[in-house]
Amino acid sequence: MEEDLIASLTRQVKEEVIENYLLERRLIELQIEHVDTQAAEIRRLAGVVGLRLARLSSLMIQPDMQSRLLELLGMSSCCFWGACLNEKFKPGVRLIWVRALTKKAKFRKVVLESYSRLLYRMTQYKEQCEELTNECLAVNRNIESFQKNFDLLAILSFIRNLDLRGIERKKILGDNFTPTEMAELDKNLYISPVSMEKLDVSAPLDLPEPNSIRAELGNLAEEIFQRYGKEVKRILR
């Protein structure tokens with residue numbers, strides 16, 4: 001009788017531990033879902049920034065001038081942002097309207113203003129990425145703490161010793177597992193750390209400040225106007 005009571009109490013304690021485990025686990029899962037949502041928004045924002053880069057790239061007219069721009073901005077062509085340089089300019093991002101006495105001066109202003117707006121968007125994107133990075137670090141600390149606080153081997157052993165009807169009746173596993181998944185409990189209970197790489201978030205570009213490249217970018221615009229004046233005038237219409 002006493003042994004049955006001890007066994008019953010032991011079982012209740014273990015079930016309470018599992019219930020606490022599942023509650024804490026669900027909180028972690030909600031945090032990961034929040035990070036996933038943030039990452040999706042940042043990937044959308046990357047597309048917005050990419051359009052501004054595509055607009056600036058389209059003003060370069062020819063690939064040789066685009067290569068000069070890439071070098072001036074310190075960009076690598078083998079990345080998400082490098083690919084944006086080759087995207088066609090989309091009507092959704094309008095050509096910037098400026099005032100100037102000549103077409104040449106107008107084109108120079110358009111190029112410089114296009115870069116300023118790209119930098120502004122990239123700065124916003126960088127801030128969002130930094131916030132997401134901090135969120136990932138916080139979630140990973142919670143995951144590490146969670147895994148230290150629970151004896152996963154003991155929980156696995158206890159779950160495997162329960163009959164499947166008992167599991168379903170007591171809902172010890174909640175909605176996390178089905179009977180067919182019982183054989184893979186180790187893998188199912190493991191929570192992988194989150195990272196920017198896994199979230200498929202492109203690292204922001206560290207673009208130079210406008211004042212540091214204003215002269216070079218302006219000279220590039222003037223050279224483009226001299227070499228490809230007809231194409232530039234069509235763009236400025």
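1. Cysteines. At 5% relative accessibility, Cys136 counts as buried, where buried means under 20% relative accessible area, exposed over 50% and partly exposed in between, computed with a 1.4 Å probe on protein chains only. Cys84 is likewise buried, its relative accessible area being 2%. A search of the whole structure finds zero disulfides, a disulfide being a pair of cysteine sulfur atoms within 2.5 Å.

2. Basis of the model. This is a predicted model, in which local features need pLDDT of at least 70 and side-chain atom pairs count only at pLDDT 80 or more, while totals for chains, interfaces and linings use all residues. Residues are numbered from 1 along each chain as its sequence is written, and side-chain values use heavy atoms, with hydrogens and water left out.

3. Confidence. The average pLDDT of the chain is 79, and 71% of the residues score at least 70; pLDDT is the predictor's confidence in each residue, from 0 to 100. Over residues 167–173 the pLDDT is below 50, and this stretch has 15 contacts in the model beyond near neighbours in sequence. A contact here means heavy atoms within 4.5 Å. Where pLDDT is low, the predicted coordinates should not be read in detail.

4. Nonpolar core. Which residues touch the most other members of the largest nonpolar core? They are Trp81 and Tyr125, in a core of 58 residues. Such a core is a set of buried Ala, Val, Leu, Ile, Met, Phe, Trp, Tyr and Cys residues joined through side-chain atoms within 4.5 Å. At least two core residues come from each of α1 (2–58), α2 (63–73), α3 (80–85), α4 (103–149), α8 (210–227) and α9 (229–236). The most is given by α4, with 15 residues. Helices (H or I, at least four residues) and strands (E, at least two) are DSSP runs, numbered from the N terminus.

5. Surroundings of Trp81. At 2% relative accessibility, Trp81 is buried. Not counting residues up to four places away in sequence, Trp81 touches Ala46, Val49, Gly50, Leu53, Met75, Met122, Tyr125, Ser202, Ala203, Pro204 and Leu205.

6. Aromatic pairs. The structure holds two aromatic pairs. Rings of Phe, Tyr and Trp (its six-membered ring) pair if their centres lie within 6.5 Å; planes under 30 degrees apart count as stacked, over 60 as edge-to-face and the rest as tilted. Phe80 and Trp81 form an edge-to-face pair, at 4.8 Å centre to centre and with 80° between the planes. Phe80 is partly exposed, with a relative accessible area of 35%. Trp81 and Tyr125 also pair edge-to-face, at 5.4 Å centre to centre and with 85° between the planes. Because Trp81 lies in helix α3 and Tyr125 in helix α4, this pair ties together parts that are 44 residues apart in sequence. Both Trp81 and Tyr125 are buried.

7. Glu29 forms one with Arg25, the closest N and O atoms being 3.2 Å apart. These two residues, Glu29 and Arg25, are four residues apart in helix α1, so about one helical turn separates them. Arg25 is buried, at a relative accessible area of 6%. A network of salt bridges links Arg25, Arg26, Glu29 and Glu33.

8. Salt bridges of Glu223. The side chain of Glu223 meets that of Arg68 in a salt bridge (2.8 Å, N to O). This pair links distant parts of the chain, with Glu223 in helix α8 and Arg68 in helix α2, 155 residues apart. Glu223 is partly exposed at 24% relative accessibility, and Arg68 is partly exposed at 34%. A salt bridge also joins the side chains of Arg227 and Glu223 (3.5 Å, N to O). Arg227 and Glu223 are four residues apart in helix α8, so they are separated by about one helical turn. Arg227 counts as partly exposed, at 43% relative accessibility.

9. Gln38. Is Gln38 buried or exposed? Gln38 is buried, with a relative accessible area of 16%, and is found in helix α1. Leaving aside its neighbours within four places in sequence, Gln38 is in contact with Glu131, Leu132 and Glu135.

Terms used:
Salt bridge = Lys/Arg side-chain N within 4 Å of Asp/Glu carboxyl O.
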